[in-house]
Amino acid sequence: MHDRVAAVPTHCPYCALQCGTWLSRRAGGPGASGGPQEVAVRPSDFPSNQGGLCRKGWTAPALLSAPDRLLTPLVRGGDGQLAPADWDTALDTVAARLQRVRDAHGPDAVGAFGGGGLTNEKVYLLGKFARLALGTSQIDYNGRFCMSSAAVAGNAAFGLDRGLPFPVTDLAKAGAVLLAGANPAETMPPLMRHLDGAELIVIDPRRTRTAERAALHLQPAPGTDLALALALLHAAVAGGHLDKPYVDERTTGYDAAWRRAVAWWPEHAERVTGVPAADMYQAVRMLAEAERAYVLTGRGVEQHSTGTDTAAAFINLALALGLPGREGSGYGCLTGQGNGQGGREHGQKADQLPGYRTITAPEARAHVAQVWGVDPASLPGPGRSAYELLDALGTETGPRALLVFGSNPVVSAPHAAHVTERLAALELLVVADFVPSETARLADVVLPVTQWAEEEGTMTSLEGRVLRRRALLDPPPGVRSDLEVLHGLATRLGEPGHRYPTVPREVFDELRAASRGGTADYSGITYGRLDAGEALYWPCPDTTGAGTPRLFLERFAHPDGRARFAEVEHRDPAGTTTADRPLYATTGRVLAHYQSGAQTRRIPELREAAPEPFVEVHPDTAARAGLDDGALALVSSASGRTVARVRLDGTMRTDTVFLPFHFAGRGRANLLTGPALDPRSGMPGFKVSAVRIEPWAGPE
């Protein structure tokens, strides 16, 4: 136990905007977290949220006293039931069974699956644990399902991937902002404060809350975003808006990109996308004529089997208009998860080492191995991407044991019924969590870990700013940190304890050394500097400067300093409609919930606001299917079927239905999504499934 102060400055536990908050204790009896019954939250005047919070942020403390909070390890017994166990028994059980699997089938028979909500310290130590203590290449994380397409496209275009290569506050001076496949009015509402002064152009198949605030809403058919982006580039060039001096001086590859776009004149693209050609021309004029303009993409652009090419096509548009690397303008990706940025930088990805280093690069392997005190040859190579890893579980050539930290793939993964079957086929499933998520309920061993208000660490926001998470409460008795879990398992597997520190500050200092010289260089960032209130953005290679708030102002990160246009072409989505499945289903988030809903579905106010799965349907579409508002509908795809309550919405396209993916059981939206992946990023096609909809004949 530690002497805790009455209030701490910290950040919201949810999205990548990482709104600044103050947490304080209010009088009351002891709650599940061992502290006061109630924790009060209030927003701070932090630059990203400027004194605002969304509904999720205001209610976040309620999760600390969730009635079903995990407070003791659970081990599945011979009767098939999970039963309480002490920590030594639980960790001994896990280590012994991991060792048996490795001895029988080799190190790649064991895997690890991380999360975009883990702190930088947890991400770093999990990657190190997987490669040294387990000796496995089989590690990836749920962020592969979120930002991976934009990350691949950004690295290819700019030589570096940082969600926003500028501070979020820069958006406040924009004259025009294109939001492609992003709905921040629901997913990160305080961001909208920075967009109040701009004319918004929103691309979304739905008329979302963000689209309602737009000056112009382009409503394409799901899966046609790439065709639309090509047409916007065509409109920019044909309309005389190409910034030729910028293209000549700061980019390469324009001619090849234009050869693809030349066939996509807006009138042709209108027939594919359903977006009027006049609106395409207007969108480009709004961007080109604004003194300051931005192109921002979100999951709607990226979560396709063509997601990388689609993100690249929007980058092409931004480059043609001369926006990236110009102060007051630019391109950015609205990273989603709380540590979605840091989570993809420090080693929990299948192909990566800390500092955003490539695991196959000899110099990267040598540097990290030196920090870790091992032979570079001992480090495994790249492994499977997230869905490929889950798909291989329990198979002859795949992992037979899996450790899950900070993720709930039973709900959040595509092809959800199949993924659930693969998890059930494992010889050993271990889940570290603070609530009994749907994945935890399948586990052989469940390890109770700390929540956000009970732990120290760092997070990296969508703008690349490194932030301090601070603890207000001590964890309840029986609960350990993820760092302590990794230490306990590593030592039982024969690793020296000093390799796995349990103090976050010590882990971060090692992360600094491991990232030194890498793309995401944190070596100049210290807890002391963060605690002193310094605003530090990576790359930050020395302890005197503020790092790099604005990237690319003088040169891009490629060796020649130039950005790259991408040569991309539209392809039909994997979920093309048929006579039997004539509708597109698209998935997404709603204001009240976050990700798989494992946290927000436990908060009474949020559960009351969005209590059950629903499907938004145009009234004409519903009438053809024999459905009334409020009825239960069966939605079926080639991958599976789900049951949801009908909500009639006259703004929906008549060929499209929408389902939020936050719900469990028979209402899982990802029962519909399929296994098709982007060949470059490994991103599943969450945004397009061909479905039919009909009345549900089963029980209410």
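A residue counts as buried when its relative accessible area is under 20%. The model discussed here is predicted.

**Phe129 and Tyr500**
- The ring centres of Phe129 and Tyr500 are 6.4 Å apart and the planes stand at 80°, so this pair is edge-to-face.
- Phe129 belongs to helix H3 (residues 120-134), whereas Tyr500 sits in the loop between helix H18 (482-492) and helix H19 (504-515); the pair therefore ties together parts that are 371 residues apart in sequence.
- Phe129 counts as buried because its relative accessibility is 0%.
- Tyr500, at 0% relative accessibility, also counts as buried.

**Phe508 and Tyr527**
- The rings of Phe508 and Tyr527 have centres 5.4 Å apart and planes at 50°, so the pair is classed as tilted.
- Phe508 lies in helix H19 and Tyr527 in helix H20 (residues 527-531), which means that the pair ties together parts 19 residues apart in sequence.
- Phe508 has a relative accessibility of 0% and so counts as buried.

**Aromatic cluster**
- One aromatic cluster is formed by Phe158, Tyr331, Phe552 and Phe556.

**Charges over rings**
- Lys128 is placed over the face of Tyr500, at 5.5 Å from the ring centre.
- Arg647 lies over the face of Phe614, at 3.6 Å from the ring centre.

Methods: Residues are numbered from 1 along each chain as its sequence is written. This is a predicted model: local features need pLDDT of at least 70, side-chain atom pairs count only at pLDDT 80 or more; totals for chains, interfaces and linings use all residues. Side-chain values use heavy atoms; hydrogens and water are left out. Rings of Phe, Tyr and Trp (its six-membered ring) pair if their centres lie within 6.5 Å; planes under 30 degrees apart count as stacked, over 60 as edge-to-face and the rest as tilted. Helices (H or I, at least four residues) and strands (E, at least two) are DSSP runs, numbered from the N terminus. Buried means under 20% relative accessible area, exposed over 50%, partly exposed in between (1.4 Å probe, protein chains only). A charge sits over a ring if NZ of Lys or CZ of Arg is within 6 Å of the ring centre and within 35 degrees of the ring normal.
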